[in-house]
Amino acid sequence: MHNYRELYGSIKKGGDMNQKFLNSMKKALQEQRKAIVESLAVQSDDMKNLVKPVESGDEADVAADVIDRALLTAIGTQDAKRLQQIDNALDRIYQGKYGRCIGCGKDIPQARLEALPYTQMCINCASEAERRNR
């Protein structure tokens with residue numbers, strides 16, 4: 001895993017964004033990243049406990065364990081995907097490309113970045129991509 005504090009100690013200014021905003025987004029992304037990594041560690045421990053053999057032959061217990069495993073796996077997959085998006089956003093900050101839509105190249109509004117700091121697209125391009133993926 002990357003140590004973004006060391007790797008991205010200084011950031012390049014991207015587009016028309018000011019340095020104060022970039023620093024606040026970088027901090028928010030790093031905090032989200034830390035929370036996800038900690039959550040994945042807890043989920044890993046939970047998964048280890050679920051994988052232990054079930055001593056009871058009760059079908060309800062077995063079914064509940066299967067559902068718990070599936071839920072933890074789904075949550076872990078979502079967190080892993082979000083972690084990758086955060087890492088990509090931190091890379092874009094470092095490269096000076098943060099806040100530029102990868103679809104149209106226009107600036108992503110700061111309000112959108114504040115709501116979803118790891119977004120790569122403006123609302124129009126994100127909506128279009130979502131329509132294509134349906």
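Where is the place of T119?

1. First, the ground rules. This is a predicted model, with residues numbered from 1 along each chain as its sequence is written. Local features need pLDDT of at least 70, side-chain atom pairs count only at pLDDT 80 or more, totals for chains, interfaces and linings use all residues, and side-chain values use heavy atoms, with hydrogens and water left out.

2. Now to T119: look in the loop between α4 (110–115) and α5. Helices here are DSSP runs of H or I with at least four residues, and strands are runs of E with at least two, numbered from the N terminus. T119 is buried, with a relative accessible area of 7%; buried means under 20%, exposed over 50%, and partly exposed in between, using a 1.4 Å probe and protein chains only.

3. The side chain of T119 makes a polar contact of 3.1 Å with that of R112. Such a contact is a pair of N or O atoms within 3.5 Å; within protein, one must be able to donate a hydrogen and the other to accept it, and residues adjacent in sequence count only if both atoms are side-chain atoms. Leaving aside residues up to four places away in sequence, T119 touches R92, I108, R112 and L113, where contact means heavy atoms within 4.5 Å.

4. T119 and R112 also turn up in the lining of the largest pocket, along with others including K81, Y118 and E130. A pocket, on a 1 Å grid over the protein atoms alone, is an open set of points where a 1.4 Å probe fits, with protein on both sides within 12 Å along at least five of seven lines; lining residues have an atom within 4 Å of a point. The volume of the largest pocket is about 340 Å³, taken as the space filled by probe spheres set on the points, which are joined across faces, edges and corners.

5. Which helix gives the largest share of that lining? It is α5, with 3 residues; α3 (59–95) and α5 (123–132) each supply at least two.

6. Please don't draw a bond between C101 and C125. The count comes to 0 disulfides, a disulfide being a pair of cysteine sulfur atoms within 2.5 Å. For C101, the nearest cysteine sulfur is that of C125, 3.6 Å away. C101 is buried at 4% relative accessible area, and C125 counts as buried at 16%.

7. Finally, visit I93 in helix α3. I93 is buried, with a relative accessible area of 1%. The C-alpha atoms of I93 and L22 are separated by 7.4 Å, although these residues are 71 apart along the chain.
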